[in-house]
Every structure is written in C-alpha cells, then in structure tokens.
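Welcome, and please take a moment to look over the sequence and the model below. This report walks through a few helices and some single residues, one at a time.

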Amino acid sequence: MRMDREPLSVFQLNEYLRMRMDSDELLSGILVRGEISNFSAPRSGHFYFTLKDPEGQIRAVMFRTQAARLTFVPEDGMKVIVSGRVSVYSAGGQYQIYVNEIQPDGAGILALQFEQLRRRLEAEGLFDAERKKPIPKFPARIGIITSPTGAAIRDIRNILSRRFPFAQILLYPSLVQGEGAAEQLASGVLFFQNFGLADVIIIGRGGGSAEDLWAFNDELLARVIADCTIPVISAVGHEVDFTICDFVADLRAPTPSAAAELAVPDAQELKRTLSAYAAGMERRMRIKVEGERRYLNQLIGSRALSKPESLLDSFRMHVADMERRLAQYWQLYFSGKQSDLSRIAAKLEGLNPLKVLSRGYAEVEKEGAVVSSVQTLCPEDKLTVRFSDGVADVVVRSTNALI
C-alpha cells in the first residue's frame, strides 16, 4: 500500500466522482428507459422513485419545479423514458438520475392522461348513474355547443328540423379543438344553465384524431357538465371515440346526428300515434253511443213510457192499501184506549167519597180540616157534618173516647 499521497475523505471521493460525472457529456444529457417502482411524492412536491429493468436499477429524483410541468402522475409499474443527468449525491455516496422530463413508453401520453383523469373522476362518483338526469321527452328549446362551421351543426340542424320542427334551436358557437377550446365549451354550458335558455344541451363535434378531440377530455369542462342542472348529451366524434365528456354527460350519443335523434321525438311517429289514439277513441265512442241508443230504445218501448198511467195505478193501489191499514190501526188503537178509560173510570167511581156517604156515612170537618179522631175535639167546638145530600153545622156538647 502506497502511503506517499494524502488520503481522501469519503466526501472528497464522492465530490470527485460527482465532478467527473457532471463533466461527462453523455451523463449530463442522458435518456434512460425503464419501469417505475417505489414511487413517492411527499408534500415537498419532489418525486422519488426507482427506475429498473430485468438486469438492474437506479435511483431517480425529480424536483418540484420539473414535476409541476407534468400532465400526468407517475405510478408504480409505469414504463417510461426519462431524460436528465446522472450525478452523485455527495452526502450519501449514491449516484442517481436527476430527471428533467418523463414520457410514457408504449402507451401515448394522451392515452395515459385520459386514463388517469377517467379513474380519478370515476372514483369521485361523477360517472354514477344516480347523477344522470333524464332527457325531456318534448323539449321546447335545444342548446347546441359546437363549431358554427363544422359538419356537426349542419347534421344536427337537419335532423332536428325533420324530426321535431317545433323545437327552437339555439347555437353557442365554440372552438372544438386547439388552445382555448375547452374553456369556450365550458362557457357554453354555463351560458345555457345561468340564463335557463335550454331544456336539453348537445355538446360535441365531428370525428378526428385523439389530439383533435382532446378538448373534450378537459377536467374543468367535465366538472361543469357534471354540475349542470340542464340535461347534457355528449356527441363527440364517431361511435368508436370516447371522451371524458361522454362519461360525465347525462347521455352519450355515438355521433352528433345520433344526438339529435336522441334529443327529440319523431314528429311523424307522434302524429301516427296520436292518429291511432284518435281512431281508437272514436271507435270506443261509437260503440258507447250505439249501446246507449239501444238502451234508450228499450226505455221507449217499455210500459212505463208507453203507458205511464200504469205507474199511477200501482201508486194508487199502494196508497189505498196504506189508508186501509192506517184505519185499522187507529180503530184498534182507540178501542184499546177506550177500554183503558172504562177501567180507570170504574176505579175512580169506587173511590168516590159521595158514594160512601150515600150508604149512611158522614164526613166531619173542623175549621175546614177532616176530623179523624174524637180526641181532637173539645166541647163547644163548631163542626161541619157533610152528608151525601148536604151539610149541617153542629156544636160539640161533650166527647167520649172509646180508647
């Protein structure tokens, strides 16, 4: 072991390696392909993860400034291509990649952003069926948010005017792709909601590439549609195209033309239905009238209407019978009362004091009161003696009580 040179400290060695790596042109601007694992995003805003492949792995860090520019959130298992520089962290003695950019490897960045936003909004419940509002059956005003010069508005107008010409069509012109398109589309939804100018809203455009349809994957637009109090039909692209608007809207139409058909009923079909109802009502009314006519003819031919006096004959007989029964009732009633009166009269006659006096008895009164005992009398009392044929005034000479 040669000891003729001054030994380096651990930190000095790490610093030496860091400077050598930083001066290496290849390591200062390197692209590395690998799979993310052990991903961590603490509150500091920095991203920490390991980049690995079947043969090896390396630690990586992406500082907050660069991480804030990402349009997606890295996840474990995601295959990516990172760009940055390789250097040594002197304090820890570990070399790592300081990442400036991350791009998905395989699936496109737009597809990744779409899938991450879809999962997040779905977890919040913005796609739940319970949130969906029913489309009105007979809308009077239809709000349309699309480009005023595209094929979509022409198709929608043609179908609406043919199927249901009674509805008023209100167009909110908007960009449907490119910078500012999502904001204009969201403003259109808010316009119809805030002013209450539509019974149903159609938002969409014709077909195009994923980049052309990207405005309809905007998170702000999705939340505006979810919060809209007016039912919204999403009509973006062709049947195979799906956007976030399709998931969050109250109804998804495969094309703008299909949206117009779903928004309104078919006036001709309604006319045929109403004609069938009218014919059925007329038929049932005719049957009802014929039945009532037959019933009326039966009444006309009845004895009550042809010979109404026959009805009076039965009433007369009924009245005569009631008179007879009433006379019998009163006769029996008065006979019973007469018998009761005779019995009462006989009892009263038996209690008549004059009849008792006629048998030789007399009634003695003293000062208007009946004398019932000799003991109540005194000599010289003046009495009245009542006989059956008159009265006599007497004076008591003496009394003689038997008891």
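The buried residues of helix 5 are Ala152, Ile153, Ile156, Ile159, Leu160 and Arg163. Around the axis they cover an arc of only 140°, which puts them on the same side of helix 5. What lies over the buried residues of helix 5 includes strand 6 (141–146), strand 7 (168–173) and strand 8 (200–205), along with helix 9 (256–263) and helix 10 (267–300). Please keep in mind that all of this comes from a predicted model.

The length of helix 5 can be checked too. It runs over residues 151–163, and at 1.5 Å a residue these 13 residues should span 18 Å; the end C-alpha atoms are 18 Å apart, which agrees.

Now turn to helix 1, residues 10–23, where the same kind of check can be made. Which residues of helix 1 are buried? They are Asn14, Glu15 and Met21. Seen down the axis of helix 1, the buried residues fall within an arc of 125°, so they line one face of the helix. Their packing partners are helix 2 (25–28), strand 4 (79–89) and strand 5 (94–104).

Next come two helix pairs, both involving helix 7 (residues 219–227). The table sets them side by side.

| Helix pair | Axes come within | Crossing angle | Handedness |
|---|---|---|---|
| Helix 4 (residues 109–123) and helix 7 | 12 Å | roughly 30° | right-handed |
| Helix 6 (residues 181–195) and helix 7 | 9 Å | roughly 15° | left-handed |

Take helix 4 and helix 7 to begin with. Their axes cross at roughly 30°, and the two helices are therefore roughly parallel to each other. Helix 4 brings Leu117, Arg120 and Leu121 to the contact, while helix 7 brings Glu219, Ala222 and Arg223.

For helix 6 and helix 7, the crossing angle is roughly 15°. Helix 6 and helix 7 are therefore roughly parallel to each other. On the helix 6 side the contact is made by Ala182, Leu185, Ala186, Val189, Leu190 and Gln193, and on the helix 7 side by Leu221, Val224, Ile225 and Asp227.

Most residues other than glycine have a negative phi. Asn38 is not a glycine, yet it has a positive phi of about 55°. Asn38 lies in strand 1 (residues 30–40). Is Asn38 buried or exposed? With a relative accessible area of 56%, Asn38 is exposed, because the cut-off for that word is over 50%.

Glu380 also has a positive phi, of about 75°, although it is not a glycine. You will find Glu380 in the loop between strand 12 (369–370) and strand 13 (382–387). Glu380 is exposed, with a relative accessible area of 53%.

The last stop is Ser342, which sits in helix 12 (residues 309–350). Its relative accessible area is 47%, so Ser342 counts as partly exposed. How far apart in space are Ser342 and Arg162? From C-alpha to C-alpha, Ser342 and Arg162 are 105 Å apart, and they are 180 residues apart in sequence.

Note on methods:
Residues are numbered from 1 along each chain as its sequence is written. This is a predicted model: local features need pLDDT of at least 70, side-chain atom pairs count only at pLDDT 80 or more; totals for chains, interfaces and linings use all residues. Side-chain values use heavy atoms; hydrogens and water are left out. Helices (H or I, at least four residues) and strands (E, at least two) are DSSP runs, numbered from the N terminus. The expected span of a helix is 1.5 Å times one less than its number of residues. Buried means under 20% relative accessible area, exposed over 50%, partly exposed in between (1.4 Å probe, protein chains only). The arc is that of the directions from the helix axis to the C-beta atoms. Contact means heavy atoms within 4.5 Å. Axes are lines fitted to C-alpha atoms, for helices over the stretch in contact, and angles run from 0 to 180 degrees between N-to-C directions. Angles under 35 degrees count as roughly parallel, over 145 as roughly antiparallel, 65 to 115 as roughly perpendicular and the rest as oblique. A crossing is left-handed if the near helix is turned anticlockwise from the far one by less than a right angle, and right-handed if clockwise.
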